[in-house]
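Subject: Structure for your files

Hello,

Here is the structure I said I would pass on. My notes on it follow below.

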Amino acid sequence: MLLTLLKMSQLLYQNISEKTAISTSEFESFLSYTKSKTIAKHTHFLNEGEVANYIAFVVSGGLYSYTIDDKGERNVLPIALENYRISD
């Protein structure tokens, strides 16, 4: 678990610092508002009707968002692979 948190912190810091300047103390403060959660394959991060209160940062694997249209077909919207963020 500790290794996973360390990897998550490193990847997240790298991801954020590529887009904006962030000090170590600012990042540590930001981390205090985060939590790590493992999402098993073939399970949902967010179910239909739920409000998106979180953003997922993918450490390993991938997540995708989809809608189901009137024909019952799945329409994939964003896809998040390792080192990307995703939310509703």
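Aromatic rings

Y13, F27 and F30 are linked into a cluster by ring pairs. The model is a predicted one: local features need pLDDT of at least 70, side-chain atom pairs count only at pLDDT 80 or more, and totals for chains, interfaces and linings use all residues. Residues are numbered from 1 along each chain as its sequence is written, and side-chain values use heavy atoms, with hydrogens and water left out.

Searching the whole structure gives three aromatic pairs. Y13 counts as partly exposed because its relative accessibility is 30%, while F27 counts as buried at 6%. Another pair, Y64 with Y66, is tilted: the centres are 5.8 Å apart and the planes 40 degrees.

The cut-offs are as follows. Rings of Phe, Tyr and Trp (its six-membered ring) pair if their centres lie within 6.5 Å; planes under 30 degrees apart are stacked, over 60 edge-to-face, and the rest tilted. Buried means under 20% relative accessible area, exposed over 50%, and partly exposed in between (1.4 Å probe, protein chains only).

Y66 also has the charged end of R74 over its ring, 4.2 Å from the centre (NZ of Lys or CZ of Arg within 6 Å of the ring centre and within 35 degrees of the ring normal).

Chain and core

The protein chain has two helices and four strands, in the order α-α-β-β-β-β along the sequence. Helices (H or I, at least four residues) and strands (E, at least two) are DSSP runs, numbered from the N terminus. Of its 88 residues, 18% count as buried.

The largest nonpolar core has eight residues: M8, L11, L12, I16, I22, F27, F57 and V59. Such a core is a set of buried Ala, Val, Leu, Ile, Met, Phe, Trp, Tyr and Cys residues joined through side-chain atoms within 4.5 Å. Helix α1 supplies the largest share of this core, four residues. Leaving aside residues up to four places away in sequence, L12 touches F27, F30, L31 and F57 (contact means heavy atoms within 4.5 Å).

G61 lies in the loop between β1 (56-57) and β2 (62-68) and is partly exposed, at 48% relative accessible area. G61 touches A80, L81 and E82, again not counting residues up to four places away in sequence. The C-alpha atoms of G61 and L81 are 6.2 Å apart, across 20 residues of sequence.

Pocket

The largest pocket holds about 1800 Å³ of space. Its lining comprises 47 residues, with I39, F45, A56, L63 and I86 nearest the centre. β2 gives the most to this lining, seven residues. On a 1 Å grid over the protein atoms alone, a pocket is an open set of points where a 1.4 Å probe fits, with protein on both sides within 12 Å along at least five of seven lines; lining residues have an atom within 4 Å of a point. Points are joined across faces, edges and corners, and the volume is the space filled by probe spheres set on them.

Regards
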